[in-house]
Amino acid sequence: MSAMEQLLATQDISGLLRIKEMLEERLTKLGAYSFRVGDRVTWVSPSRNGQAMTGTITQLNPKNHKVRADEGTEWRVHKGLLTKL
């Protein structure tokens, strides 16, 4: 078992969440993410005849991020369509 695996095995949920936050911060600094949960974004919705939408990122995924639109609906939007506000 590696040192990292041993460390993770000894953590409770709050410790694991803090490690996750630290990893996300480090990956962001390294440029691995161009977006973060909580970022305000805009995109053009092809399914709404090109209507501009705005919302807040709620989950990051490799291709499509989850965004809660200002109107309250949840969207899965390809990260290439998103622009930070």
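**View 1. Arg 40 pairs with Thr 56.** In β2, Thr 56 is the bridge partner of Arg 40. The model shown is predicted. Strand β1 covers residues 40-45, and strand β2 covers residues 51-59. The two strands run antiparallel. They are joined by 6 bridges.

**View 2. The hairpin of β1 and β2 has 5 residues between its strands.** Asn 49 belongs to this hairpin. Its phi is positive, near 55°.

**View 3. Strand β2 also pairs with strand β3.** Strand β3 covers residues 64-69. β2 and β3 run antiparallel, with 4 bridges between them. A hairpin of 4 residues links β2 to β3.

**View 4. Ser 45 is a buried residue of strand β1.** Its relative accessible area is 1%. Ser 45 counts as buried because this value is under 20%. The side chain of Ser 45 makes a polar contact with the side chain of Ser 47, at 3.1 Å.

**View 5. Ser 45 has contacts beyond its neighbours within four places in sequence.** These partners are Gly 50, Gln 51, Met 53 and Trp 75.

Technical notes. Residues are numbered from 1 along each chain as its sequence is written. This is a predicted model: local features need pLDDT of at least 70, side-chain atom pairs count only at pLDDT 80 or more; totals for chains, interfaces and linings use all residues. Side-chain values use heavy atoms; hydrogens and water are left out. Two strands pair if DSSP finds at least two bridges between them. Buried means under 20% relative accessible area, exposed over 50%, partly exposed in between (1.4 Å probe, protein chains only). A polar contact is a pair of N or O atoms within 3.5 Å; within protein, one must be able to donate a hydrogen and the other to accept it, and residues adjacent in sequence count only if both atoms are side-chain atoms. Contact means heavy atoms within 4.5 Å.
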